[in-house]
Amino acid sequence: RKIKLRGLVNNAGLGNYGFAEALDLKRFEALLQVNCLGTVRMTKAFLPFLRARGPGARLITMGSMSDRLPAGFGSAYVPTKAYACWFTESVAAEVRRFGVRTAVVEPGFIATELLDSAQAGGAQASDGMCESVQKAYGDFAPMMAELRKAVMMCERVNGGKEGGGGWVADSTVDALSSTWPRSRYLVGYETKLLMWLPRIPGWTRILAMIFEKQHRTVHP
């Protein structure tokens, strides 16, 4: 039987925050398997059905604003989201001739369980740090608590779990159903500002300096 799939949403994802030196390789591998290779596997499995559908077919990937912004504690998570997003954009060029359109949904600080599980993974990894790494970096928990203050403020502004989650869902539905879907859907008020950061000379160094200042505050 010939199947003509209307759309595919690559939504599966894992998160894990923490000091790169403290996170063991298994944590990196888990995120690569799900966030990167999971997106590849699903896309390759269903692309033939999307091509069969032709015009109107949609390939959507759930990305993250972090795919544009390197950040402390994000060495395991951030690069995987960047890969998933640019993989989707690359496939977009290849399937355009068949009428298949792609989009990446990029949530900012939206209240979900992902941050909680990512923080829990970082705390577990921190508890297993060797003495020398522990002495050099300090405790993960107080540093993460400091960073979460700004994150939680943005989550509240974006409507909490109900409002923020609905915003992401609406963007995904638009990407699936719109005649002319955007290539990227930024979700969250702060994303409209953060997207301009790369225009500032030395912006990645500025972010690193802010993280360093916060780190020194909790671990002199």
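In helix α1 (residues 25-53), the buried residues are Arg27, Phe28, Leu31, Asn35, Cys36, Thr39, Val40, Thr43, Leu47 and Leu50, where buried means under 20% relative accessible area, exposed over 50% and partly exposed in between, with a 1.4 Å probe and protein chains only. Helices (H or I, at least four residues) and strands (E, at least two) are DSSP runs, numbered from the N terminus. The model is predicted, so that local features need pLDDT of at least 70 and side-chain atom pairs count only at pLDDT 80 or more, while totals for chains, interfaces and linings use all residues. Residues are numbered from 1 along each chain as its sequence is written, and side-chain values use heavy atoms, with hydrogens and water left out.

The cover over the buried residues of α1 includes β1 (7-10), β2, α2 and α3 (113-127), contact being heavy atoms within 4.5 Å. A kink of about 40° lies at Phe46 in α1, shortly before the proline Pro48; the bend at a residue is the angle between axes fitted to the seven residues ending there and the seven starting there.

Helix α5 (residues 140-157) bends by about 30° at Arg148, and Arg148 is itself one of the buried residues of this helix, which also include Phe140, Met143 and Leu147. Among the elements that cover the buried residues of α5 are α3, α6 (160-177) and α8 (203-218). Just after α5, Gly159 takes a positive phi of about 100°.

The whole structure holds eight salt bridges, each defined as a side-chain nitrogen of Lys or Arg within 4 Å of a carboxyl oxygen of Asp or Glu.

| Pair | Closest N and O atoms |
|---|---|
| Arg184 and Asp67 | 3.6 Å |
| Arg68 and Glu106 | 2.7 Å |
| Arg184 and Glu106 | 2.8 Å |

Salt bridges that share partners join Asp67, Arg68, Glu89, Glu106 and Arg184 into one network. Within this group, Glu106 counts as buried because its relative accessibility is 0%, and Arg184 counts as buried at 14%, whereas Arg68 is partly exposed, with a relative accessible area of 27%.

Phe73 lies in the loop between β2 (58-62) and α2 (78-95), and its phi is near 75°, a positive value in a residue other than glycine. Most residues other than glycine have a negative phi. Phe73 counts as buried because its relative accessibility is 5%. By contrast, Tyr189, in the loop between β4 (184-187) and α7 (191-194), is exposed, with a relative accessible area of 51%.
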